[in-house]
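Subject: A structure for you to look at

Hi there,

Here is the structure I promised to pass on. Have a look at it first, and then read on for what I found.

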Amino acid sequence: MGPCGDAPECGAWRESFRIGDDLIDGQHQTFFRMVAEAQERADRGGVEVVGRSLNFLASYAVLHFRDEERLMAACHYPGLAEHQRAHQAFVVQVAALLKTFETAPSQVTAQEVLPMIRDWLVFHILGMDKQFEPWVERMGKP
Ligand code: FEA
């Protein structure tokens with residue numbers, strides 16, 4: 001943990017983000033940690049941080065979205081298709097950022113990209129992931 005810590009203003013995961021599944025909640029926590037660590041490295045300098053972070057976040061997002069969508073399917077969550085579209089849009093957005101970074105690195109700065117990813121995470125978890133919390137809760141119950 002860096003000097004910023006766990007405080008909400010640091011963009012850390014919060015209890016209110018919990019959806020009730022250990023795997024998914026753990027992955028969400030990892031996501032926030034990864035963005036915060038990338039931010040710390042970027043603050044210490046180094047353009048290459050952006051490329052590495054985006055690559056890593058993109059792979060982690062694919063893994064997380066797959067697990068989350070599997071859970072939604074297992075819970076018979078009716079919002080799965082819409083949710084998959086939101087995931088796909090994020091994957092496309094990050095891929096576009098990576099492409100821009102590869103062709104014109106100076107156009108994609110950590111100061112712009114990392115807060116944008118963090119904002120997307122908060123918006124998506126609170127606005128969409130949280131909606132399937134009741135299905136997770138009911139899962140396995142008669
Ligand atoms: Fe629907 Fe989960 O996805 N949080 N993220 N990223």
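This is a predicted model: local features need pLDDT of at least 70, side-chain atom pairs count only at pLDDT 80 or more; totals for chains, interfaces and linings use all residues.

Most residues other than glycine have a negative phi. His76 is not a glycine, and yet its phi is positive. You will find His76 in the loop between H2 and H3. Is His76 buried or exposed? There are 10 other C-beta atoms within 10 Å of His76, and 12 or fewer count as exposed, so His76 is exposed.

H2 runs over residues 48–74. With 27 residues at 1.5 Å a residue, H2 should span 39 Å, and because its end C-alpha atoms are 39 Å apart, the two values agree. Which residues of H2 are buried? They are Val49, Val50, Ser53, Leu54, Leu57, Glu68 and Met72. An α-helix has 3.6 residues a turn, so residues three or four places apart point the same way. As for partners, the buried residues of H2 pack against H1, H3 and H4.

The ligand comes next. It is surrounded by 13 residues, and the closest are His28, Glu68, Leu121, Ile125 and Asp129. Helices H1 (22–43), H2 (48–74), H3 (80–103) and H4 (110–127) each give two or more residues to this shell. Which helix gives the most? That is H2, with four residues. By type, the shell around the ligand has six nonpolar, five polar and two charged residues.

Finally, the whole protein. There are five helices and zero strands, and the pattern along the sequence reads α-α-α-α-α. The C-alpha atoms fill a box of roughly 55 × 30 × 20 Å along the principal axes. A compact globule of 142 residues would have a radius of gyration near 14 Å; the protein has 16 Å, which agrees. Of the 142 residues, 20% count as buried. Among contacts with a separation of 6 or more, 73% come from residues 24 or more positions apart.

Enjoy exploring, and write back with any questions!

Best wishes

Technical notes:
Residues are numbered from 1 along each chain as its sequence is written. A residue is near a molecule or strand if its C-beta atom, placed from the backbone, lies within 6 Å of it. Ala, Val, Leu, Ile, Met, Phe, Trp, Tyr, Cys and Pro count as nonpolar, Asp, Glu, Lys and Arg as charged, and the others, Gly among them, as polar. The expected span of a helix is 1.5 Å times one less than its number of residues. Two residues are in contact if their C-beta atoms, placed from the backbone, lie within 7 Å. The radius of gyration is taken over C-alpha atoms; the globule rule is 2.2 Å times the number of residues to the power 0.38.
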